Amino acid sequence: MKEKILSLKGVLPVLLVAAISHHLGTIFPAVGGAAFGILFGIIIASFFTINPAFKKGIDFASKEILHLSIILLGTTINVF
């Protein structure tokens with residue numbers, strides 16, 4: 001149970017950045033939410049040090065959740 005709490009601790013900030021990026025992507029559709037997410041990721045990684053308590057959750061989000069989202073994105077692509 002403690003391991004799940006540690007994972008959740010890092011996933012919540014990732015979800016917050018994703019929600020903000022998505023919202024800005026709807027306001028500025030020419031740029032898109034993904035571009036805002038990448039930009040925020042670069043800014044956060046450049047100017048802030050990541051607390052080791054968040055590392056496990058961020059790793060989970062960057063591997064497992066990202067892989068799942070790419071698979072789900074592929075299911076929405078039209079073949080014809």
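Buried means under 20% relative accessible area, exposed means over 50%, and partly exposed is anything in between, with a 1.4 Å probe and protein chains only. What you have here is a predicted model, so local features need pLDDT of at least 70 and side-chain atom pairs count only at pLDDT 80 or more, while totals for chains, interfaces and linings use all residues. Residues are numbered from 1 along each chain as its sequence is written, and side-chain values use heavy atoms, with hydrogens and water left out.

Let's start with the fold. The protein chain has three helices and zero strands, running α-α-α from the N terminus. Helices (H or I, at least four residues) and strands (E, at least two) are DSSP runs, numbered from the N terminus. Of the chain's 80 residues, 11% count as buried. The chain exposes about 6500 Å², with carbon and sulfur atoms supplying 76% of that; these areas come from the Shrake-Rupley method with a 1.4 Å probe, and for residues only the protein chains shown count as cover. Take the contacts (heavy atoms within 4.5 Å) with a separation of 6 or more: residues 24 or more positions apart account for 56% of them.

Now for the pocket. A pocket is an open set of points on a 1 Å grid over the protein atoms alone, where a 1.4 Å probe fits, with protein on both sides within 12 Å along at least five of seven lines; lining residues have an atom within 4 Å of a point. The largest pocket has a volume of about 940 Å³, that being the space filled by probe spheres set on the points, which are joined across faces, edges and corners. Its lining takes in 27 residues, and the closest to the centre are Val14, Val17, Ala18, Gly37 and Ala61. Helix 1 (2-27), helix 2 (33-47) and helix 3 (52-75) each give two or more residues to this lining. By class, the lining has 18 nonpolar, nine polar and no charged residues. Here Ala, Val, Leu, Ile, Met, Phe, Trp, Tyr, Cys and Pro count as nonpolar, Asp, Glu, Lys and Arg as charged, and the others, Gly among them, as polar.

| Residue | Relative accessibility | Class |
|---|---|---|
| Serine 21 | 4% | buried |
| Leucine 39 | 42% | partly exposed |
| Lysine 55 | 47% | partly exposed |
| Aspartate 59 | 26% | partly exposed |

Serine 21 sits in helix 1 and, leaving aside residues up to four places away in sequence, touches Gly33, Phe36, Gly37 and Phe40.

As for salt bridges (a side-chain nitrogen of Lys or Arg within 4 Å of a carboxyl oxygen of Asp or Glu), the count comes to one. Aspartate 59 pairs with lysine 55, their closest N and O atoms being 3.2 Å apart. The two are four residues apart in helix 3, so about one helical turn separates them.
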